[in-house]
Amino acid sequence: MSKITKNRKLALAKLEDGKFYTLKEASALVKDLSTTKFDASVDIDVRLGVDPRKANQMVRGVVSLPHGTGKQVRVLALCTPDKEAEAKAAGADHVGLDEYIDKIKGGWTDVDIIITMPSVMGKIGALGRILGPRGLMPNPKSGTVTNDVGQAVKEVKQGKIDFKVDKAGIVHTSVGKVSFIPEQISDNAKEFVSTLIKLKPTSAKGTYVKSIYLSSTMSPGIKVDPKSVEN
């Protein structure tokens, strides 16, 4: 049995056993529970009343967080020469096509998001075995395959994220950093949950949002009252 660290004991002592916190309370408390020396991420876990094994109950989408994620997102734009200036102006960290395809084939994947165009997906399809397991494969559903390369890069840099429910029916993502003020964390979390609710499958029966937890890196989870997020 693993030993509970001193910092975790202190964090747990600040939580009331069995209590459901409002989103406002949790957004302030998650900052207080963080003991890391770095600017930890604030994460949200939402358990949904869906069966991801059924195609008509898969929940997947994108959301633009009002205050961004607080992370420096490294973007690679794989595009034709006529779109390179547009991608660079929008803030892409790496821009090109064939030379980057060759780098990826050689094992290079030092980016967080890859944005590309429909016309070059034929070339990129061969990279599926490398990019797929790392969650880097561009996908039209997440807005990373588009002719509007500049706008896509801009949105990602400003805090647009994509998400997908896992096999256990849980959607997990980051909604900010501990350095954010509570209102920013709360706004981002509300926007995320609101987007999940809009994506509720018509075939899903019973309670849709079953539980919500807010936590920071290495901190215990805070149980959030779903009604305080949905309203």
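Biologist: In what order do the strands of the open sheet stand, and is the pairing parallel or antiparallel?

Modeller: In this predicted model, 4 strands form an open sheet in the order β7-β1-β8-β9, and the pairing is antiparallel. From one strand to the next, the twist averages 25°.

Biologist: Why is one side of β7 and of β9 left without a neighbour in the sheet?

Modeller: β7 and β9 stand at the edges and have a single partner strand each, so one side of each is left without a neighbour in the sheet.

Biologist: What makes β8 and β9 a pair?

Modeller: Two strands pair if at least two bridges are found between them. β8 and β9 are joined over 3 bridges in the antiparallel sense, and therefore they meet this definition. L214 stands opposite I222 in β9.

Biologist: Which residues touch the most other members of the largest nonpolar core?

Modeller: They are I44, V46, L48, F192 and L214, in a core of 36 residues. Elements that each supply at least two residues of this core include α2 (23-33), β1 (41-48), α8 (182-198) and β8 (209-216). The helix α2 lies across β1, β8 and β9, and runs at about 170° to β9.

Biologist: What does L48 touch, not counting residues up to four places away in sequence?

Modeller: L48 touches V59, G169, V171, L196, Y208, V209 and K210. Such a residue is said to be in contact because heavy atoms lie within 4.5 Å.

Note on methods
Residues numbered from 1 in each chain as written. Predicted model: local features only at pLDDT ≥ 70, side-chain atom pairs only at ≥ 80, totals over all residues. Heavy atoms only, no water. Core = buried A, V, L, I, M, F, W, Y, C linked by side-chain atoms within 4.5 Å. Buried < 20%, exposed > 50% of the residue type's maximum accessible area, 1.4 Å probe, protein only. Axes fitted to C-alpha atoms, helices over the stretch in contact; angles between N-to-C directions.
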